[in-house]
Amino acid sequence: MPLRSAARTNLVDLVIAQMESLISDGEWKVGEKIPAEPLLVEQLAVGRNTVREAVRALVHTGMLEPRQGDGTYVRANSDFGAAVQRRLRRAGVLEAYEVRACLERDAARHAAERRTEKDLMALRAALAERGRAWESGDTAAFIDADMAFHRTVAEASHNGVLAELYGHLSDVLRETLQSVVAAPVPDAVRHQFDAHQAIVDAIEARDPQGAEAAVLAHLAEGMAALRDQPLDGPDSEQNDAGAAHE
């Protein structure tokens, strides 16, 4: 979607609306830097102050993020997503993991009921990529592949709101996965090949109860690993204090 000249009276609102559309439509992707201010001024045919006010408004909502000396980046693809991410940044790892468990459980159950052959192909491909990433020894690639697998399950649920919510968990999920992968536990707990295969098998068999059970079993192992790690987030000091009195 190309930028177009804004020619009405309420220019700031019009520019904000155009920028929001570029973000929500994926023209400006999450994690990417938006065009520099002079280019936006030229393409929108408005003044610098108008562009600055629009950018400032989207920074306030959390959709954009300024980085000193580097530019402005897309942080979320909707103001709703930005609000979710702000709240999650105040949560502890275990809290975020519990939310993840709720979403993944329901996603797997719905996927087993609604999946298509195309969904199955995508799930098998994501599972294979996850295995290759583990074998490569590249931790970052493995975490990316694991997140991609679970996003594929969420998409196979054919519930757009659930899939979007799961997508907004990405940053926090990365932190929890890093904690699990780094935990001093057996490799079988860290890579959980059998557990992920069980999820795909249950979805393929159209077994919602089995899919839900497979997800909960795999998350229980991760939760146990996290409980053995130091907690983060605003509740950590309170939890530590409570533990001292036990």
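Analyst: Let's begin with what a helix is here: a DSSP run of H or I that has at least four residues, and helices are numbered from the N terminus. With that in mind, Ala156 belongs to helix 7. Keep in mind that this is a predicted model.

User: Ok. Is Ala156 buried or exposed?
Analyst: Ala156 has a relative accessible area of 0%, so it is buried.

User: And which residues does Ala156 contact, leaving aside its neighbours within four places in sequence?
Analyst: Ala156 is in contact with His110, Ala111, Arg114, Arg115 and Asp119, once those neighbours are left aside.

User: What sits in the loop between helix 7 and helix 8?
Analyst: His158 is in that loop. What stands out is its phi, which is positive at about 55° although His158 is not a glycine. Most residues other than glycine have a negative phi. His158 has 46% relative accessibility, so it counts as partly exposed.

User: Where else is there a positive phi on a residue that is not a glycine?
Analyst: Arg206 has one, also of about 55°. You'll find Arg206 in the loop between helix 11 and helix 12 (208-227). Arg206 counts as partly exposed because its relative accessibility is 45%.

User: New topic: how many aromatic pairs does the structure hold?
Analyst: It holds 2 aromatic pairs. In one of them, the ring centres of Trp134 and Phe142 are 5.0 Å apart and the planes are at 70°, so the pair is edge-to-face. Trp134 and Phe142 are both buried.

User: And how far apart are the ring centres of Trp134 and Phe193?
Analyst: Those centres are 6.4 Å apart, and with the planes at 90° the pair is edge-to-face. This pair links distant parts of the chain, as Trp134 is in helix 6 (residues 117-136) and Phe193 is in helix 11 (residues 193-204), 59 residues apart. Through ring pairs, Trp134, Phe142 and Phe193 are linked into a cluster.

User: Why does Phe193 count as partly exposed?
Analyst: Phe193 has 28% relative accessibility, so it counts as partly exposed. Buried means under 20%, and Trp134, at 18%, therefore counts as buried.

User: You mentioned helix 6 and helix 11. At what angle do helix 6 and helix 11 pack?
Analyst: The angle is about 175°, with the axes 10 Å apart. Helix 6 and helix 11 are therefore roughly antiparallel. Residues that make the contact include Leu120, Leu123, Leu127 and Trp134 of helix 6, plus Phe193, Val200 and Ile203 of helix 11. By class, the residues of this contact divide into 7 nonpolar, 3 polar and 4 charged.

User: Last one: at what angle do helix 2 and helix 3 pack?
Analyst: Helix 2 (residues 37-44) and helix 3 (residues 48-61) pack at about 110°, and their axes are 9 Å apart. That makes helix 2 roughly perpendicular to helix 3. The crossing of helix 2 and helix 3 is right-handed. Glu37, Pro38, Leu40, Val41 and Leu44 of helix 2 meet Arg48, Val51 and Arg52 of helix 3. That contact has 5 nonpolar, no polar and 3 charged residues.

Terms used. Residues are numbered from 1 along each chain as its sequence is written. This is a predicted model: local features need pLDDT of at least 70, side-chain atom pairs count only at pLDDT 80 or more; totals for chains, interfaces and linings use all residues. Side-chain values use heavy atoms; hydrogens and water are left out. Axes are lines fitted to C-alpha atoms, for helices over the stretch in contact, and angles run from 0 to 180 degrees between N-to-C directions. Helices (H or I, at least four residues) and strands (E, at least two) are DSSP runs, numbered from the N terminus. Angles under 35 degrees count as roughly parallel, over 145 as roughly antiparallel, 65 to 115 as roughly perpendicular and the rest as oblique. A crossing is left-handed if the near helix is turned anticlockwise from the far one by less than a right angle, and right-handed if clockwise. Contact means heavy atoms within 4.5 Å. Ala, Val, Leu, Ile, Met, Phe, Trp, Tyr, Cys and Pro count as nonpolar, Asp, Glu, Lys and Arg as charged, and the others, Gly among them, as polar. Rings of Phe, Tyr and Trp (its six-membered ring) pair if their centres lie within 6.5 Å; planes under 30 degrees apart count as stacked, over 60 as edge-to-face and the rest as tilted. Buried means under 20% relative accessible area, exposed over 50%, partly exposed in between (1.4 Å probe, protein chains only).
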